[in-house]
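Subject: Structure handover

Hello,

Here is the structure I promised to pass on.

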Amino acid sequence: MRRSTWLSGPYILWMAIFTIIPLGVVVWFAFTDGAGHFTLDNVLRLGDYLPIFLRSVWMALAAALICLVIGYPAAYYIAGRSPMAQRFLYMLIMLPMCMSFLLRTLAWVALLEDTGIINGFLEALGFTPLHLIRNDGAVILGMVYNYLPYMILPLYTVLLKIDPRLIEAAQDLGCTGAQVFQKVTLPLSVPGIVSGFTMVFVPAISTFYISQKLGSTSSILIGDVIESQFKGAYNFNLGAAMSLGLMVIVFVCTAVMHRFTGDEEVVTL
Amino acid sequence: MKWFNKGFTGLVLLFLYIPMIVLAVASFNTGTSVSSFQGFTLEQYGELFRDGTLLPLLANSLIVAVLSSLCATVLGTAAAMGIHAMGQRSRRLVMTMTNIPMTNPEIVTGVSLALLFAFIGTLMKVNDILGFTTLLIAHITFNLPYVILSVTPKLSQMDPNLREAALDLGCTPFQAFYKVVIHEILPGIISGALMAFTMSLDDFVISYFVYGPRFVTLPVEIYNYTKKPLHPKIYALFTLLFLVILLVMVAMNLLQARDEKHKAAAKRALRGGRRSVQV
Amino acid sequence: MKSMKKFLAFLCAAVLLCACLPLSAGAEPVTITVYNWGQYISDGTDGYIDVNAAFTEATGIEVNYVTFDSNETMYTRLKTGGSSYDVIIPSDYMIGRLIAEDMLEELNFDNIPNYQYIDEAYKNTSYDPENKYSVPYTWGTVGIIYNTKYVDEADVGSWDLLWNEKYSGKILMFDNPRDAFAAAEQLLGIDINTESSEDLRAAAEKLAEQQPLVQQYVMDQIYDKMQNEEAWAAPYYAGDYLMMVEENPDLAFSFPKEGFNLFIDAMCIPKGCQNKEAAEAYINFLCDPEICAQNLEYLGYSAPSTAAREYMDPESASNPIAYPSEDILALGESFNYLPTEVNQEMDSLWLEVKTGSLSPESGGSQNMALYIAIAAVVVLVVVFLLIRGSQKKKKANRGTH
């Protein structure tokens, strides 16, 4: 097999040109000022934004955890269907991701507003309206909604791989259903959990727009701040430094998570 | 347990589809607001087809999504096979590189790619380098990781002896790939391609910085509607697009199911007479 | 497998065919690229005129129409380069910036005879004092939109309506620092083009005072939120109010007595334009009173030419919101271009306002935050090492078994 290493050549070349060089551009911006001189100011200023960084980490972690809790049973169910049903369900999970993220988020606004659809129903049924939007919960809901498929898909692939004979063996040895799950299924699905968690956490931490539409006045995430540096504040340098900081956080978090699996089991879809 | 899982999965799907339903209903609304339904009309669909601006943009989006996911699938599958053959250290290095586009905030990727393209443009003395090609390159770039990440696990699941056997039986490496390997990793390739297609179809942040004025995609255009409220014809477009993608996906599913049936039949035949392996 | 392949081949063929179509169609005629705000031209929707199609019909020049979502993203795209535009339509202060950075072409007014219809009031502006680079497209005012069902008339008339605790949670605010700071500065009697740090800080403190009362910082969503009464008071553009009031007649508009922003969006030709004469023909076409009237009637913004108002429906041409009296207009102030450092300072203050973390004096907290950051990193690294250590131990254990 060793001979076919050359197959990845074009890819490596491609990524070197279109990923490593742009990354170099980001690093260059992060360590220079507007006039192009070397400076550490941008990186040092990151301390100011620490609360926002921490908030983003917290929100993304919460979203990833909720996705796991919701996604696991769904993935488990899908993996247990007939191949035909599996494909169909897989497709149903993928489909929402094709559609405009902006419009879907706006639809949630319409649902959750004080004068929105859910409250309209509640009022029609004679309940008191609830305050559902403009809090951290709504932002996490938006994240869970947008990234849930990224959790379900890898979990599903991993659960599918588990050899049913192992489960049978455990049952034969006298395990109850819960014990089988705890001692066989769950440990074997750890790689899927880790990759699902990563795939939700990583985009969620750098997301923007969701917090602007669903959050309160103060629920700003680091993605929003970075966006504003590039769009409104004409401060590419600070924006670049922030995204470097974000990348460091992401790498540390994913490295810690991958430690739990023991080896470098890569993200599976 | 089973009925619980079933109900729960139903709820999850409902959760995923509620916003779609809301928008689909809004496309038939006589009022402009999404949250209050005032009356039924098909006018927005008429408006959508009368006004020729949005449909070409949708066509552009589909072209970029299909081409970029195809290119990324080919390039990414080859890369995954190469990576699979690598030693552990270089594999880890390449996988780290693969993760970069996923961890970088999109807007940063977009701006840095735009700067790179503009720089290449000045080298080539072209002042409007941004266009279809740059958009396609950017989309392939952010699609590649998804393909690789879904093909690699399938490769490590595959029995390496299969390919060896094919080679021993006189296959060229290309034939071995075409006749043996691809069948083993096809589900991974398909899910990677689908993932790439979805990512590409809905991208607006990266696209925003690398599109050319002669080739605009739909999400970019929608993102620009911030000063004014969305015209409800957008919801009509959304609903139509949803139905089209649903149809395409169902068609692909049915075709794949048929293929698999043939494959299963062939496998059975193969098991019946192992010596009939032909090259 | 076979049917799958066939399907894919078919898909490829279809796509390639689609890709080729526009190429073969748009070969010969002159094409100009127009770069404008999203949904900021009458495009044939709801029975109004399709301006670009009318232009092509009149001149034979094709229009390639592209949009942006804010002055700043337009600027970023112009600055990063890689694409060329023939006509752009930014706002006043951005034009000032583009002129200062030598990014605009001087116009040849021989090709724009319709410039004569533009009213004197919109010539010799502060951003383009010699009328060399720009031709006004629309103008408008910023004021406060409020819902008469919920807001007491006695509270109306000043910017302090947006600071009124009675309406806490029902107030919206601009989600861009320039407009938000202008509101606070006008309330405080500070020049809206101030560059002084103290003034900016004072305005930021005023905005921080408002922050707990604000439901959300928004732009386009103002429409939905005001129309369905999710919010009761919001600052926005007069032209947009006129559209909202059609959906919800309870909405009203007031010009704050402290003064308000009067903006002009104008057409310019950026450096690097491919076809200047055709671009000028386009600008000229949009200044044609009849076209201008039909276009702006759709947009709802005000026309910079009296001649155009004569072609409009008399009711909208004499609307006191779109065309306020001289006395009111005298209160209008326009934005000038601010240096980058001022913009950056404003932006970081704005962020502190939004997050509710406006510190009385930066410096102390900055160091504090830095220490916390370092501490956090150290903790993370330690956790990382610990986990790795335990993992190794586990592996070693596994090995001994």
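Below is what was found, starting with the contacts between chains. Please keep in mind that this is a predicted model.

**Chain A against chain B**

Start with this pair. Here 72 residues of chain A are in contact with 72 residues of chain B. On the chain A side, the helices that each supply at least two residues are α1 (9-30), α3, α4 (83-98), α5 (101-112), α7 (136-161), α12 and α13. Which of them gives the largest share? That is α1(A), with 13 residues. By residue type, this side of chain A divides into 52 nonpolar, 13 polar and 7 charged.

**Chain A against chain C**

Now turn to chain C. It is touched by 27 residues of chain A, and 34 residues of chain C take part in the contact. Three elements of chain A give two or more residues to this side: α3 (50-79), α12 (222-231) and α13 (236-261). The chain A residues here divide into 12 nonpolar, 9 polar and 6 charged.

**Inside chain B**

Chain B is divided into two domains. Domain 1 covers 54-155 + 186-224, and domain 2 covers 227-260. Their C-alpha centres lie 21 Å apart.

There is also a helix pair to look at in chain B. Helix α7 (residues 160-168) of chain B packs against helix α8 (residues 173-201) of chain B. The angle is about 165°, and the axes are 9 Å apart. Roughly antiparallel is the term for angles over 145 degrees, so α7(B) and α8(B) are roughly antiparallel to each other. Their crossing is right-handed. From α7(B), the contact uses Leu162(B), Arg163(B), Ala166(B) and Leu167(B). From α8(B) come Ala176(B), Lys179(B), Val180(B), Val181(B) and Glu184(B). Together, the contact residues divide into 6 nonpolar, no polar and 3 charged.

**One residue in chain C**

Last, find Ala293(C). This residue sits in helix α10 (residues 289-299) of chain C. Is Ala293(C) buried or exposed? Ala293(C) has 21 C-beta neighbours inside 10 Å, so it counts as buried. The cut-off for buried is 20 or more. Leaving out residues up to four places away in sequence, Ala293(C) touches Ala303(C), Ala308(C), Tyr311(C) and Met312(C). Ala307(C) is 14 residues from Ala293(C) along the chain, and their C-alpha atoms are separated by 8.7 Å.

Best wishes

How values were computed
Residues numbered from 1 in each chain as written. Chains lettered and ligands numbered in written order. Predicted model: local features only at pLDDT ≥ 70, side-chain atom pairs only at ≥ 80, totals over all residues. Axes fitted to C-alpha atoms, helices over the stretch in contact; angles between N-to-C directions. Helix = DSSP H or I, 4+ residues; strand = E, 2+ residues; numbered from the N terminus. Parallel < 35°, antiparallel > 145°, perpendicular 65-115°, else oblique. Left-handed = near helix turned anticlockwise from the far one by under 90°. Contact = placed C-beta atoms within 7 Å. Nonpolar A, V, L, I, M, F, W, Y, C, P; charged D, E, K, R; others polar. Domains from an automatic or database assignment. Buried ≥ 20, exposed ≤ 12 C-beta atoms within 10 Å, placed from the backbone.
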